[in-house]
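Visitor: I am new to this entry and would like to be guided through it. May we proceed by question and answer?

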Amino acid sequence: MEPSVILLVTACLTVGIHGTLRMPNYYSDHMVLQRAPARAILWGYADVIGDTVNIIMNGVKIEQTTVQRSTKNGTEGFWKVKLPAQTSPGPHAIQVNSSEGMLTFVNVMFGDVWICSGQSNMQFSMREVFNSTYEIDNSIQYNNIRMMFSDFVRSNVPLDDVSLKHSWKYPVKGTIDSFSALCFMFARDLQKHLKYPIGVIESDWGGTPIEVWSGPDAIKDCPSNFSFTPKYVPTERGVLWNSMIHPYLSMTIKGAIWYQGESNSGHPDLYACQFPAMIDDWRKKFHAGSDGETSDHFPFGFVQLAPNRAGSAIGGFPPTRWAQTTNVGYVPNSNMSDTFMAVAVDLPDFNSPSGSIHPTYKQDVAARLVLGAMNAAYGDKSVVFQGPFPTEYKMNNGRHVLNITFDNGTGSLHINNNNGFEICCSSTTSGCNNQGAWVPAPIKVSEKSNVQIDTSGCYGNNVTGVRYLWRESPCALKQCALYDSRTQLPVPPFIKIKMFKTSGGNLRMPKYYGNHMVLQRAPARAILWGYADVIGDTVSVLMNDVKIAETTVRKSTKNGTVGIWKVKLPAQTSPGPHEIQVESSEGFLSFVDVMFGDVWICSGQSNMQFTMREVFNSTYEIDDSIKYGDIRMLFSDFKQSNVPLDDVSLKRPWIYPIKGIINEFSALCFMFARDLQKRLKYPIGVIESDWGGTPIEVWSGPDVFQACPSQSTLTPSMYWPTERGVLWNSMIHPYLSMTIKGAIWYQGESNAGRPDLYACQFPAMIDDWRKKFHAGSDGETSDHFPFGFVQLAPNRAGNVVGGFPPTRWAQTTDIGYVPNSNMPDTFMAVAIDLPDFNSPSGTIHPTYKQDVASRLVLGAMNVAYRDKSVVFQGPFPTEYNMNNGQHTLRITFDNGTGHLQVNNNNGFEICCASTTSECSNSAAWSVASIKLSETSSIQIDASGCHGNNHITGVRYLWKESPCALKTCALYDSRTQLPVPPFIKIKMFQTPGIDIIG
């Protein structure tokens with residue numbers, strides 16, 4: 001009979017008069033509970049429905065809850081509580097009490113909790129590991145590592161409690177000997193980095209296939225008629241998920257590591273579906289079981305299969321290694337977000353006492369896993385955790401070589417020997433299914449980031465594939481051919497099946513084309529372009545192995561010695577992911593995980609450059625960002641040029657949000673993409689191309705200066721460029737041939753001393769960008785593409801006027817709202833009510849970019865996506881009526897259709913003077929409070945003007961920082977969008993005379 005729910009607690013229990021308070025087995029003395037920012041879960045059973053359960057830590061009550069009737073068993077009481085997030089590691093004492101009794105747990109620590117699962121290489125114990133005596137003796141010093149050991153139990157139904165070999169313990173001889181070596185060493189090496197407690201739960205069973213660890217939803221996602229022959233280990237679907245994973249779902253965990261796959265190596269195509277499906281299912285179930293405390297994208301690390309038998313056998317291991325990455329070759333990827341992998345293909349142990357399938361060198365495996373955890377789980381992107389990976393293949397039949405470039409040319413290769421590569425010699429790619437088509441291809445030439453392999457072995461046949469380390473055991477210990485010269489991490493095994501074309505040149509493309517990129521979706525057509533040497537050659541573009549376009553290499557009009565090619569792809573609505581191949585007689589380029597969506601450029605100065613790690617609530621925002629895998633980001637590097645460039649320098653090529661990388665990306669740019677993608681439900685690509693401190697002049701082309709001539713010069717800076725056009729040349733011009741949807745802009749602070757000039761420069765720059773992008777993309781980017789911008793936010797606290805108010809006005813060409821006749825197809829986020837006087841980056845850099853992004857997206861939906869039901873700006877004044885008898889000026893908004901919410905009476909000033917020209921004197925302005933408000937109008941007090949003075953002007957929010965956060969006077973009562981700042985200079989006449997506009 002299968003075990004039912006087991007409810008034993010290894011803690012001090014005092015029984016009350018009504019029944020028994022009880023908790024699952026995995027709560028015990030010495031346990032580790034998950035630390036902040038997540039909240040640990042305590043739960044259990046009781047008999048008295050409605051009773052109060054109290055949680056006391058170190059003598060202080062920290063939480064309480066009520067016993068509810070169990071939804072699974074109506075006769076049983078159930079309680080569950082989230083503890084406050086804890087950063088103090090401990091040790092702590094925790095008591096749980098109710099009228100039914102008290103449970104006490106001592107020596108409790110708060111740290112990170114990891115589950116270790118899989119088959120025999122995860123189960124492989126400390127007493128079996130290489131240098132085991134030393135490792136066991138050394139382990140006992142790590143008493144901030146706590147270990148729990150699940151027992152071997154199977155079940156046909158999901159269980160709520162687990163059977164244990166032993167409850168939580170710290171490393172002691174006798175206990176540590178039989179514990180998983182990889183699980184403990186992962187915890188040990190991680191704890192050395194983090195300096196706080198680590199709890200590891202071993203839940204594994206040697207010889208088991210992935211099916212037994214998968215829940216019904218994961219199995220449903222990957223249907224198969226295949227069944228395992230019953231043997232000495234469980235093989236029935238889900239039986240260990242039920243008994244050895246499901247019981248932990250209510251526990252808050254940090255992540256999981258996994259070593260399994262050997263038992264599935266006969267079915268790699270199925271495993272490529274099963275493995276990511278299982279990961280996704282675990283994440284969903286742990287997230288739900290912990291009431292959202294375990295992330296639904298928790299980090300998941302795994303070991304790529306190590307070698308087995310000595311010799312040249314291929315077997316099922318190579319394709320299963322490939323399947324572990326969903327046939328991509330590396331992680332994380334679009335199919336496997338937030339994962340990390342330890343490559344173990346170079347760690348054979350043919351003399352292992354436990355058999356060659358169980359290498360004893362678990363120290364290296366653990367160390368490589370921890371590198372992945374530091375990068376993927378803890379966001380330290382300075383930590384490299386995998387070796388270089390091939391990104392480009394170029395065939396040269398004249399020299400009989402295939403050139404393979406790694407990491408887009410940034411790889412740093414160390415070459416141990418010339419072995420490991422094979423090429424497929426066949427008339428078609430399907431011929432590569434025959435192992436007889438593959439022949440060795442030694443490395444002929446190696447450079448820092450590429451190798452050239454010998455293709456002469458194909459004789460008269462085509463080269464239709466290349467693979468590396470495609471053997472069960474391809475090399476001796478740490479003696480494979482290619483490693484990262486900086487980290488000594490191995491290049492992972494890979495395979496590329498493709499018809500590699502002929503000969504002799506150099507097919508190449510700009511740097512902003514890359515894996516994970518977003519190309520512009522329909523109705524526009526995306527542009528691909530590049531260079532080649534063979535004039536008149538044909539360049540073909542294939543998508544998912546189907547030819548979709550071709551063009552001819554022509555002589556460049558800029559450089560007569562260089563060939564150039566350019567092609568428009570058919571308009572695409574399918575988001576992807578797709579694989580795109582570009583090929584000619586000179587070579588072959590391949591881009592994977594390509595999406596079609598909308599492409600936006602984000603530009604400006606420091607408030608656009610302001611990063612995700614600096615934004616308000618940054619930890620949450622960064623953690624949340626990683627679920628938006630259909631947002632892709634490209635980082636332009638800081639580069640200036642005196643001449644227009646055709647290619648861009650990049651900080652980083654296209655990538656989806658991952659911790660460490662997203663930290664340094666523009667907060668506004670990403671949040672705009674995020675909020676837009678939530679509405680549109682298809683991919684968004686954003687290109688950050690900004691530079692803090694820069695004036696508009698550096699982003700403007702020569703035609704802008706012709707439209708807005710000026711004799712003024714900008715003071716040179718040692719921190720940012722100030723010369724006209726130098727960033728237009730280097731950080732905008734290279735993108736002109738790309739099809740884009742639109743642009744957003746946050747800039748103007750550096751031009752706040754010259755508002756009249758800015759009122760010319762800004763619309764002129766927008767018009768010039770539109771013309772140039774339209775021409776560069778052969779008409780695919782609209783010549784009226786939507787252009788959004790942020791009206792300057794507050795800066796210094798106080799009653800300062802300064803240059804910001806007239807610059808805000810100038811941003812709208814002195815009209816006050818957009819779009820207008822000078823600025824068609826534009827939209828604006830008003831940010832005047834979003835001060836941040838405590839910003840760590842200075843008051844000029846408010847941290848509240850979330851509000852700015854959401855207001856920009858409202859504008860984008862209205863202007864760019866034509867949803868006119870979306871309101872994106874507050875009411876605006878359209879009529880002024882003076883009543884001298886009542887000493888009031890009545891201001892009507894939106895032609896009487898405005899919906900005003902009046903928060904207070906502040907913000908208005910009137911100019912008291914004999915002529916309008918005197919309003920240029922700040923002393924002529926005095927405060928005018930709101931006396932009366934109605935649905936679409938207000939009346940302001942004009943009694944401050946005495947004697948012979950007239951009211952010759954009115955202005956609103958004409959201060960650098962006119963109000964506290966979201967507490968300016970006037971808002972739209974429906975949308976809570978602020979009325980923007982405005983000014984009206986006019987001789988307001990006697991009662992009854994209306995002044996319109």
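Guide: A disulfide is here a pair of cysteine sulfur atoms within 2.5 Å. The model under discussion is predicted.

Visitor: How many disulfides does the count come to by this rule?

Guide: A disulfide is a covalent bond between the sulfur atoms of two cysteines. Pairs of cysteine sulfur atoms within 2.5 Å qualify. By this rule, the count of disulfides comes to ten.

Visitor: Which hand does the disulfide of C425 and C458 have?

Guide: The sulfur atoms of C425 and C458 lie 2.0 Å apart and form a disulfide. This pair links distant parts of the chain, 33 residues apart: C425 belongs to strand β19 (residues 421-425), while C458 lies in the loop between β22 (450-454) and β23 (463-468). The torsion about their S-S bond is about -85 degrees, so the disulfide of C425 and C458 is left-handed.

Visitor: Are C425 and C458 buried or exposed?

Guide: Residues under 20% relative accessible area count as buried. C425 has a relative accessible area of 13%, and that of C458 is 2%. Because these values fall under the cut-off, C425 and C458 are both buried.

Visitor: Is the link of C475 and C480 left-handed or right-handed?

Guide: C475 and C480 are joined by a disulfide, with 2.0 Å from S to S. C475 is buried at a relative accessible area of 11%, and C480 is buried at 1%. With -70 degrees about the S-S bond, the link of C475 and C480 is left-handed.

Visitor: Which hand does the disulfide of C602 and C669 have?

Guide: C602 is joined to C669 by a disulfide with an S to S distance of 2.1 Å. Distant parts of the chain are linked by this pair, 67 residues apart, with C602 in strand β33 (residues 587-604) and C669 in helix α11 (residues 667-680). Both cysteines, C602 and C669, are buried. The torsion about the S-S bond of C602 and C669 is about 70 degrees, so their disulfide is right-handed.

Visitor: Which residue caps the N-terminal end of α3?

Guide: Helix α3 covers residues 181-194 and reaches 20 Å from its first C-alpha to its last, close to the expected 20 Å. Twelve of its 14 residues are buried, among them A181, F184 and L194. After α3 comes K195, whose phi is positive, near 70 degrees. At the N-terminal end, a side-chain oxygen lies 3.5 Å from the backbone nitrogen of L182, and the capping residue that supplies this oxygen is S180.

Visitor: How far apart are the end C-alpha atoms of α6?

Guide: Helix α6 spans residues 268-289 and is followed by D291, whose phi is positive, near 55 degrees. At 1.5 Å a residue, its 22 residues should span 32 Å.

Visitor: Which side chain of opposite charge is nearest to R283, and what distance separates them?

Guide: R283 is found in helix α6 and is buried, yet has no salt bridge. A salt bridge requires a side-chain nitrogen of Lys or Arg within 4 Å of a carboxyl oxygen of Asp or Glu. The nearest side chain of opposite charge to R283 is D280, at 4.2 Å.

Visitor: Which backbone oxygen does the side chain of R283 reach?

Guide: Not counting residues up to four places away in sequence, R283 touches several residues, including H297, F298, S337 and D338. The side chain of R283 reaches a backbone oxygen at 3.0 Å, that of D338.

Conventions
Residues are numbered from 1 along each chain as its sequence is written. This is a predicted model: local features need pLDDT of at least 70, side-chain atom pairs count only at pLDDT 80 or more; totals for chains, interfaces and linings use all residues. Side-chain values use heavy atoms; hydrogens and water are left out. Helices (H or I, at least four residues) and strands (E, at least two) are DSSP runs, numbered from the N terminus. Buried means under 20% relative accessible area, exposed over 50%, partly exposed in between (1.4 Å probe, protein chains only). Lys and Arg count as positive and Asp and Glu as negative; His and the chain ends are not counted. A polar contact is a pair of N or O atoms within 3.5 Å; within protein, one must be able to donate a hydrogen and the other to accept it, and residues adjacent in sequence count only if both atoms are side-chain atoms. Contact means heavy atoms within 4.5 Å. The expected span of a helix is 1.5 Å times one less than its number of residues.
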